Amino acid sequence: AAAAAAAAAAAAAGDDGDGGQVRHTKANYYALARSKFNIGDRGVHVARLKRLLGVSMAIVYTIAILIQEAIAAEWLLASLFYLTNYPNSSVCVVIFGGGEENFEAMVWSSLLVLSAKLEVIDVWGRLLQSIWAPSMFVDSFEIAIRGGLADYSGKKGYKTSKYEVAVSSEEGEVCWVSGGFRGPQGDIRVFHEGGLDRFLLRQRGDDGEWRRLEFLSGDAAYLGDAFIEPFKKPRGGQLSDAQAQHNFALHRVREVVERVIGRARQTFTILDVRFRHRPERLEIAVAVCFEIVELVRRCEAPFFRAR
């Protein structure tokens, strides 16, 4: 018992017992997290850790392996805590130590490494696979930012940056994330300028038809020959029964992309509140958050499966 306690204390202190860094093992990550967040051995500490980090310790360890342990254990935990809670730096300093400026620099350096290395499958590979899937669903969302007058969105009532997400309908696989379009931007413009349109055009055959992609669907904001969109209610009129049934069926299957975005924003507070750093950093955070969402889907269960 004394040896186990000493090992846990060494792990919490960032030492493996031989004067080196914490070894990347699931037990050491768990002991380090319990120590940093002052969580004892009893009660609901497992659930509390998952709430604080956004993912289970098994996923934390999987991330460490995928990035080839390029980030120290402590800073991987700090980065996940930062994405999930987006606290003031002073709060993080109390937990992880160091000065506020040093903490910010280390966290964003760690997130940059995560963004570069955390690729469950490269984006182009996912898109090529999704081309052979029955369909792809596209949607966008906006995040409040600090910016100039040109970034103000009259529809939202605050300054925004818009991001686009494409999801395969079979399993809810995230196959595209792009954005950083500031200010009032139409969804179809983001589709064209974000690069998804240019990639999909390459997948057309000589006859101009989409290859094996039965349909590409967006909401009423997406209009174009590639999309199957819902019917809009005519001014002063009503939809026909066939049109209403079409809209209902399309909504039922395309809600998979809305659930993916919703789960990401529910898990990672940094996507759901006003971003207080430079907007360029937001692209890093968005990329990491959706990579983790996709990793969780693959490792745990297909909870985004369309009905």
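Analyst: Here is a walk through the helices, their loops and the core.

First, the ground rules. This is a predicted model, in which local features need pLDDT of at least 70 and side-chain atom pairs count only at pLDDT 80 or more, while totals for chains, interfaces and linings use all residues. Residues are numbered from 1 along each chain as its sequence is written, and side-chain values use heavy atoms, with hydrogens and water left out.

Let's start with helix α3, residues 45-53 (helices are DSSP runs of H or I, at least four residues, numbered from the N terminus). Its buried residues are H45, L49, L52 and L53, where buried means under 20% relative accessible area, exposed over 50% and partly exposed in between, with a 1.4 Å probe and protein chains only. Looking down the axis of α3, these residues fall within an arc of 85 degrees, so they line one face of the helix; the arc is that of the directions from the helix axis to the C-beta atoms. An α-helix has 3.6 residues a turn, so residues three or four places apart point the same way. The buried residues of α3 pack against α2 (26-36), α4 (57-66) and α5 (73-85). After α3 comes G54, with a positive phi near 85 degrees.

Now for two of those partners. α2 and α4 pack at an angle of about 120 degrees, their axes 10 Å apart (axes are lines fitted to C-alpha atoms, for helices over the stretch in contact, and angles run from 0 to 180 degrees between N-to-C directions). That makes α2 oblique to α4; under 35 degrees counts as roughly parallel, over 145 as roughly antiparallel, 65 to 115 as roughly perpendicular and the rest as oblique. The crossing is right-handed, the term for a near helix turned clockwise from the far one by less than a right angle, with anticlockwise being left-handed. On the α2 side K26, Y29, Y30 and A33 meet M57, A58, V60, Y61 and A64 of α4, a contact being heavy atoms within 4.5 Å.

Between α4 and α5 sits a loop that holds E69. Phi of E69 is near 55 degrees, a positive value in a residue other than glycine. At 40% relative accessibility, E69 is partly exposed.

Next come α5 and α6 (residues 89-96), packed at about 150 degrees with axes 12 Å apart. They are therefore roughly antiparallel to each other, and their crossing is right-handed. Here E74, L77, A78, F81 and Y82 in α5 meet C92, I95 and F96 in α6. Y86, in the loop between α5 and α6, has a positive phi near 45 degrees, but Y86 is buried at 6% relative accessibility. Most residues other than glycine have a negative phi.

Finally, the core. The largest nonpolar core has 63 residues, and I63 and I270 have the most contacts inside it; such a core is a set of buried Ala, Val, Leu, Ile, Met, Phe, Trp, Tyr and Cys residues joined through side-chain atoms within 4.5 Å. Helix α12 (residues 279-299) gives the most to this core, with eleven residues. Leaving aside neighbours within four places in sequence, I63 is in contact with L76, L80, L114, L118, I292 and L295.

How values were computed: Helices (H or I, at least four residues) and strands (E, at least two) are DSSP runs, numbered from the N terminus.
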